[in-house]
Amino acid sequence: MGMRGRIALAISLVVALTVVVFGFAVHATCGVVHAQQAHARDQQKGLLTSVLQKYRRDGTLAPGARLDDSALPEPLADAAWKEGTATFVSGGSAPQVWAAARVDGKVLSLSASYAPQSDPLQSALDRALVPVGAMTAALLAVAGWFTACGLSRRLRLDAVPARRIAAGTPPDPRPVADGGRAETAEPPERHPATPLATRAAVDRELTAGMAHELRTPVTGLVAAAELLPHPRAVEMVRDRAQAMRSLVEALLEISRFDAGQEQARCEPVDLASLVRDTVSRVARESGAGEAAAASVSVVGEGRIVETDAGRVLRVLEILLHNAARHGASPIEVTLRGSSIAVRDHGPGFPRELLDHGPRRFRTGAPDRGTGHGLGLTIAVGQAEVLGARLRFHNPSDGGAAAVFELPETRACS
């Protein structure tokens, strides 16, 4: 159920509850009921006056009259002794209307059934309240639906700039509000999305600009390192230059994600062969110190999926290097259907990463080593381009596990 439905349902429930409470209140305190009881009391009091006159004239009691107050309701007896004359309507399954008067040190009383008068009135009230209450609730539920549509439309319009910014597109410069009548209406220059979009654009341009500006001198530095005479100096300069070049390339890759310029290109991919080849190549390039200990297991039959092989390879490389550098052997790669899991047996992912996901230039816990925190950020970005899902968790028996779940259906161009 969407926001409109929830708002309309809440309004309908409040209206229905109000109608029910109002109906009970009318049923219990309606003036017609009190008037009916007052009429019955007056009628019974008039009959008692006639019976009382006959008793005083010739000392005889009319049929139904009694001089014994032991059977009277206690409130009626007390009122008759104090005030001389009193009336009372008793409840229960057989309601009665009473009239009593004090005479010669005794209480003369007369009673009659009240059911023939009260039951038709109660039925009439119920028959009137039920349809009127249902109609009122239905009409106000419709009004609540239109009110909810207006409120949700206002919220949807305000959410459009945020979605455009998240997708890397500048927000629409036109005002979000219709004519400035809504409370949240803002002119373009004052709308909260405007400074947010400006800051996001500046950050993207800064990242891309820095990466492009650094690429040229870093490339020259790598080439110049080859001209150094001392082998150790060459090795040291080349290592740092390669690290800088990797950082620059990572920043460029992230800037393309931010700008929404990345698109996947599908082709049939044998996941089992891709995973095995990638693990072997990373092991050869890294040497025994990194991914050489990684083992590959395929659960079930290998699957051919329509996806971008280069991006899948990129994500898998990042996960393997991350496991080797920040975790501990053995490293296990498990392929199950279209899901690839990479697990190490190190200290596990830091809590911040599990709660909020990878964040740029945040490496998490010191016990998982040092770095600039861009690798897993790039892996998440590549997974989003593929329409895939990348989850991180720490198994109960220790270590860290990253699960790369490719979509079952085609999700690229």
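Predicted model: local features only at pLDDT ≥ 70, side-chain atom pairs only at ≥ 80, totals over all residues.
The secondary structure of the chain comprises ten helices and ten strands. Of its 413 residues, 36% count as buried. Among contacts between residues at least 6 apart in sequence, 62% join residues at least 24 apart.

In soluble globular proteins, nonpolar side chains tend to be buried together. In the model, the largest nonpolar core contains 44 residues, of which Leu319, Leu320, Ile340, Val342, Phe392, Phe404 and Leu406 touch the most other members. At least two residues of this core come from each of helix 6 (231-258), helix 7 (271-286), helix 8 (309-326) and helix 10 (375-386), and likewise from each of strand 7 (332-336), strand 8 (339-344), strand 9 (389-393) and strand 10 (400-405). Helix 8 makes the greatest contribution to this core, with nine residues. When residues up to four places away in sequence are set aside, leucine 320 touches Thr278, Val279, Val282, Ala294, Ile331, Val333 and Val342.

Threonine 278, one of the residues touched by leucine 320, is located in helix 7. Its relative accessibility is 1%, and threonine 278 therefore counts as buried. With the exclusion of residues up to four places away in sequence, threonine 278 is in contact with Leu313, Leu316, Glu317 and Leu320.

The cavity search gave one cavity of 30 Å³ or more. The volume of the largest cavity is about 50 Å³. Its lining is formed by Leu319, Asn322, Ala323, Val342, Asp344, Phe349, Leu376, Ala400, Ala401 and Ala402. By residue class, this lining divides into eight nonpolar residues, one polar and one charged. Helix 8, strand 8 and strand 10 each supply at least two of the lining residues.

The hairpin formed by strand 9 and strand 10 has six residues between the strands, and glycine 398 in the turn has a positive phi of about 105°.

Strand 2 (residues 96-103) is mostly covered, with six of its eight residues buried. Strand 1 (residues 85-90) pairs with strand 2 in the antiparallel sense over six bridges, and serine 90 stands opposite glutamine 96 of strand 2. Five residues lie between the strands of this hairpin, where glycine 92 adopts a positive phi near 95°. Strand 2 is joined to strand 3 (residues 106-113) by eight bridges, again in antiparallel orientation, with tryptophan 98 opposite serine 111 of strand 3. The hairpin of strand 2 and strand 3 has two residues between the strands, and aspartate 104 in the turn shows a positive phi of about 55°.

Note on methods. Residues numbered from 1 in each chain as written. Heavy atoms only, no water. Core = buried A, V, L, I, M, F, W, Y, C linked by side-chain atoms within 4.5 Å. Buried < 20%, exposed > 50% of the residue type's maximum accessible area, 1.4 Å probe, protein only. Helix = DSSP H or I, 4+ residues; strand = E, 2+ residues; numbered from the N terminus. Contact = heavy atoms within 4.5 Å. 1 Å grid on protein atoms, 1.4 Å probe; cavity = no way out; pocket = protein on both sides within 12 Å on 5 of 7 lines; lining within 4 Å. Points joined across faces, edges and corners; volume = space filled by probe spheres on them. Nonpolar A, V, L, I, M, F, W, Y, C, P; charged D, E, K, R; others polar. Pairing = 2+ DSSP bridges.
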